[in-house]
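This report is written for a reader new to the structure.

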Amino acid sequence: MIKGVGPQRAELLSKRGIHTLEDLLTYLPFRYEDRIHFSNVKDIQPNGIYTLRVQVMSGQAVRTMRGRDAIFHLLVRDATGQLPCKFFHGGYLEGRLKPGQTLILHGKAEIDKLRPARIEMVNPQMEMTSDEMDSTEVGRIVPVYEAIGTFGSRAIRRAIYSALDLLDPNMPDVLPAELRARLSYPSRREALIHTHFPPANESLDALNTFRSAAQQRLIFEEFFLYQLSLGLDRKTSRKENAIAFRLREDNIREALKRILPFKPTVAQKRVLAEIAADLEKPAPMNRLLQGDVGSGKTIIALQAAVIAIENGLQAALMAPTEILAVQHYLAAKRILAPAGYRVELLISGLKFRDKTAVLESIRTGEAKLVIGTHALIEDKVEFARLGFVAVDEQHRFGVLQRKRLMDKSLAHGHAPHVLVLTATPIPRTLSLTLYGDLDVSIIDELPPGRTPIETRMTTQPHLRGVWEFVRREVNAGHQAYIVYPVIEESKLELKAAIEEFERLSREVFPKLKLGLLHGRLSSDEKETVMQQFRKNEVQILVATTVVEVGVDVPNATVMVIEHAERFGLSQLHQLRGRIGRGAAKSHCILMAPPYMTEEARARLETMVRTDNGFEIADTALLLRGPGEFCGTRQSGDMGFHIANPLRDRELLELARREAFALADDPERAAELRTVLRSLPEHWQRRYHLARIG
Ligand code: ADP
Ligand code: MG
């Protein structure tokens, strides 16, 4: 039993993919605070970042004009002086802080804009603490975790503290001893302990940039195991054959032309030619298709699928969310069904009977194109003859899932051709290291007839004008998205979004039809709302970030993003990509509070300045430091738990060298076997232990 984790918190954790002790212990702090040496209030300078241990003097919430939001004014002191603090959207603090109570505050000191003689803290991070010295809270370097729903940093810290106690002192170490010694890495157990609760003499700076020996070891290990799988695959896949497709025959060219609903762009034609050249070879294609949001990647995947089908094989398309899978399914049916290809949908939300029928048609080979979520990689899905796999929006997937889908056709003695679709521009050198021998095709052109999206940033007081604008656009026949920052789909955030939806329907747009879309709805409910939105029966879709990826409704021309300051740049770019998909001019309105951190402001200004995905990705890299996490673990975007390929590139390259050396050296076969044997279960599946022996 882990202290402080009851059934409710266990559920929160499991929603976040944390099921085991191992999962919990690899949920790492994103920041560390020095709580041995607190700063004194009297020493605070504008623009400095401080950790303070203070007592509450007084607190008061002041409502803003429409009563939606409140600013909480808090006055605190330590032995050396007093400090005012402001919390925007701080209404929730009312009544929760008692005079005399001890708090730990962490944040940046700023000059009070109204009274320039005064220094204050705006929205500092706050932890309520007891007065006693508690070994997990003060008197040490303290880890700060990203909250998981209502499971806050302090409670997570306690749970992990007690979980670390459960570690077996003799736990096996996946890294070979020789390698560990050569790189001066601590044991796995020590690395875990010191990453969560660093020794007092560890450099705070090293910790906050993920460069302490303990953190580096854990990052290295994750890369190492992954690179080892690439290294081993490389050895086996050289022997693996794929089916060389015929595609010069007239009937295939005809089929490809017949399905095209529009004239492809030059870039789309070029990319299809690159793919076709791969498909003609008897070696498996392994290609990344990069193209900004809206550049038209889907049709390319469908064309490649048609080539496979015309060659007598099945094709699969895997999408990261059910909404996206359903959308692809509808589009694919519209485009492919007239040509007589049977398209099936496989998502976990299917009724048992439907699912059985779908599985059967996949097994017999009647289903020509199967579209689905990760449900596609479950063990019970058996393809008759899988020849082509497309994976959409790769960054949402672990590299792991892609691999498992590929393995599905290995059973039949050939490897499928694989195409990965992504809107995330990954630097070429990085993608090589990450994906191994991967070829890259780029769509660098948007379909014709698009007018650039106009993006502006505005503040709450202008909300009325924004709603007026939305109303005008809808009355002109268009549709709109209003997006709320429910990033973790936590109960509180979700409640706010639902209340806002009801308020908008009742008070702001009583004459219009609004729909609500969020992650907690069932598949059926989600699909119903999306269907209504596609048919323009719903004119305004109030949504959480579930609309972030791939949703395609060209008639939608307005997107209002509330609390845009809470989203990361790439997320904002993805969201905005939902509009500007038709010929009519589209508008994106970023709502933000008057005060925000400089990084948040820089992000929003970048969005206003450019809609170029590559430029946005570059800026995101520059801005991304500790504190730029915005509710999602960025590194998770690429399928790693701990490591971040962008931040930790040097370790990635080191891990690749070491892993490939181990995989290639026959003299180290015994060592390799030991590593493979002590792999956690989820890694083992990938390595085909049986094959390597
Ligand atoms: P993404 O690359 O973001 O996945 P999609 O494949 O969803 O983009 O395409 C975006 C929209 O552009 C879709 O509505 C699609 O039908 C349309 N589209 C794609 N290619 C073309 C083209 N060559 N001409 C006209 N419309 C196109
Ligand atoms: Mg897409």
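Predicted model: local features only at pLDDT ≥ 70, side-chain atom pairs only at ≥ 80, totals over all residues.

Residues are numbered from 1 along each chain as its sequence is written, chains are lettered from A and ligands numbered from 1 in the order in which they are written, and side-chain values use heavy atoms, with hydrogens and water left out.

Ligand 1 is surrounded by 16 residues (a heavy atom within 4 Å); Gly 294, Lys 297, Thr 298, Arg 450 and Asp 552 are the closest. The table gives polar contacts, pairs of N or O atoms within 3.5 Å.

| Side chain | Distance to an oxygen atom of ligand 1 |
|---|---|
| Thr 298 | 2.6 Å |
| Arg 581 | 3.2 Å |

On its own, ligand 1 has 570 Å² of accessible area (Shrake-Rupley method, 1.4 Å probe), and the protein covers 84% of this.

A nonpolar core is a set of buried Ala, Val, Leu, Ile, Met, Phe, Trp, Tyr and Cys residues joined through side-chain atoms within 4.5 Å; buried means under 20% relative accessible area (1.4 Å probe, protein chains only). The largest such core has 52 residues, and Phe 151, Phe 220, Phe 223, Phe 224 and Leu 228 have the most contacts inside it. A second, separate core of 45 residues includes Ile 335, Tyr 341, Ile 347 and Ala 390.

Key. Buried < 20%, exposed > 50% of the residue type's maximum accessible area, 1.4 Å probe, protein only. Polar contact = N/O pair within 3.5 Å; in protein donor to acceptor, adjacent residues only side chain to side chain.
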